Amino acid sequence: MKQADKKRPHPAAPMSESEESDSLFHAVFNQSGVGICYSDFEGVFIRVNARFCEITGYTAEELVGHSFAEITHPDDIAIDARLGDELIAGTRGPYTLEKRYIRKSGEIVWVRITVTLARKPDGTPYRLVGVIEDINHMMLTEQALRASETRLRQAQNIARIASYEIDHRDESRIWSEELFAILEIEGTVDNPTFELFEQRVHPQDRALIQKTNAEAIANRAPYDLTHRLLMPDERIKYVEVRGQTSYADDGTPLRSVGTVQDVTNRKLAEIALRQAKESAESANRAKMDFLANMSHELRTPLNAILGYAQMLETEHAGPLQPKQREYLRDIMTGGRHLLELIQDILELAKIDAGRIGLKIEPIDALTVIGDALPLIERMAAARAITLHVARPVTALPLMLADRVRLRQVFLNLLSNAIKYNKLGGRVDVTCAETRPGFLRISVRDTGIGIKPERQAELFVPFSRLGAESMAIEGTGIGLSLTKKLVELMGGRIGYQSVVEEGSTFWVDLPIAGQVRGQAASAEPPIPAHGEGLQPARAGSNSRITREERRLLYVEDNPAYVRLIERALGQIPAVSLTTVHTAELALVAMRSMAPSLILIDCGDPDPLRQESRRRLLAVAEQRRIPVLDFGANQASERTSGGGEPVDIPRLLSEIERRIGISG
Ligand code: ADP
């Protein structure tokens, strides 16, 4: 100790107690980490330390003799002065205040000042002593935090997204203000509970919430559920709740955080949209059913009219005068036109209702073209138009399409190219790969062309672009139907046209990625005619004796029954049994063994369809051939001819099936 004492510098002379206390005070005052100031009772600085100068930006000389008010923010002067006065008056003890000084540079600095009273030895108040801490940084951080909280609150309010936190150790919760707003709970609750939330949950959704929550925890997956809230006034709100939970190592849930978004408007819009869609679909279904029924109801008597006209034309009932022939032709033309129109409307409605079934398969375009040409040749010949199909030099790839629909598309384009051509004109059909992955069938004519100002109406149903005044038969549906069919098959349709020179319509369809010939051999051969007739059942080709020719005809339309009865009168040794329904046909089949059943399967009535199905099944079992009258007409239509029931052809088909001919 002594040694150490020796090394230590000793003051030259020992200090008195008051001198020592003075020196200590000076050291503390000048080197303190906090600001210290003395002032008189008016608040005039008498002494300030270095740290106080640092905080305020003034020198001690600049401060001494000036009042605290001169460097205090105007908003904080009054409170500081009042508290000081109370301190001096002895009505309060030392006080602490957070206030602002204005630094010499003009900046504001936040301080925490603690003011005490220095007293004389006799106890009388003597000076005010202020100890000042710079809390500027803390205050700015706090302000920034408050501003950010306000912004968050505003954002939550605008987006209607609230947030929550759950501490799973004690199930305590923190809810943002917006959550109270969404739940419409007045004010905020310090300790919100799950029960408080559940009060607002729609009773029917409570089980779902529990299940989703349990699953999320079991799988440690995020929670995501949209459910309903039921407000006290019976209003329903929709909320989308998303949350995430953190877990302890042993899998115990620790903390969940999440958001609750009010999605009522979006949900109501979705519901309205769905309802609108459903009612549109149901309206469409009703329209479809109506059209299907109407088309059947119209087609049947119309076919009877046309059938009678054909029978008259055969002059079986007696020779016709030239005028009568002419009238008959008019009846048949008008009837066919009507039939075509009905069929087209039905097709269009079917496509719109998405009720058209397609069988997309690799197809050789040239085969389809080849099959369609004979159907249109008569029409071309009548206008002295030459049809020319360009044969490609190299094999074409197969295209992906529905064979029957493609033929329908092609026939529509071809018949237009003939109808809107000049007498003696020409139609050129080409098939080529024009853009990668697509094969193009083009139909070029040398016809009247389409005026540029009317081209926009080309694919609009029932729009005939003025052709109605040209005595060219048509309905204005063909192209719109064609376009829809092409698009359904994944293709495109387009055209080019020059008035008085002609038009080219083209269809692009996807390539199947196979070379012609490969798939073609795998496809069933296309029958040249009679396609709409049900394929003859086993045994239909077997020759049977004349006595066994019994025809069972299922039809409820008396006009039709009479027509067929009379038409069959032309075939000798055929007996005809007519029944109204397929059920009756089944009964009749027990007592007779028909050689052929003649039925119209085109009737869309579902009940009748069902019993027809049963009849067809029994017929198949008993190897009785069936001739579908309706399919006959429908296929004639899809093959583009628009032919009604063709009596001579029907008779020859019956003869073929029951073994009289072929
Ligand atoms: P439709 O031939 O039954 O009137 P479409 O829908 O097939 O109905 O055609 C609509 C209209 O487009 C026709 O009425 C006709 O004015 C015009 N049009 C179609 N194809 C051609 C063509 N190749 N040349 C000139 N005009 C055509």
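**Exercise 1. Find out whether Arg403 is buried or exposed, and then describe its salt bridge.**

Step 1. Arg403 has a relative accessible area of 15%, so this residue is buried (buried means under 20% relative accessible area, exposed over 50%, partly exposed in between, with a 1.4 Å probe and protein chains only). A word on the source: this is a predicted model, in which local features need pLDDT of at least 70 and side-chain atom pairs count only at pLDDT 80 or more, while totals for chains, interfaces and linings use all residues. Residues are numbered from 1 along each chain as its sequence is written, and side-chain values use heavy atoms, with hydrogens and water left out.

Step 2. Look for the partner: Arg403 forms a salt bridge with Glu361, with 4.0 Å between the closest N and O atoms (a salt bridge is a side-chain nitrogen of Lys or Arg within 4 Å of a carboxyl oxygen of Asp or Glu).

Step 3. Arg403 belongs to helix H14 (residues 403–419) and Glu361 to strand E11 (residues 360–363), so the pair ties together parts 42 residues apart in sequence (helices, H or I with at least four residues, and strands, E with at least two, are DSSP runs numbered from the N terminus). Glu361 also counts as buried, at 15% relative accessibility.

**Exercise 2. Describe the open sheet of five strands and what packs on it.**

Step 1. Its strand order is E7-E6-E10-E9-E8, with antiparallel pairing (two strands pair if DSSP finds at least two bridges between them).

Step 2. Strands E7 (172–175) and E8 (223–230) are at the edges with a single partner strand each, so one side of each has no neighbour in the sheet.

Step 3. From one strand to the next, the twist averages 25 degrees (axes are lines fitted to C-alpha atoms, for helices over the stretch in contact, and angles run from 0 to 180 degrees between N-to-C directions).
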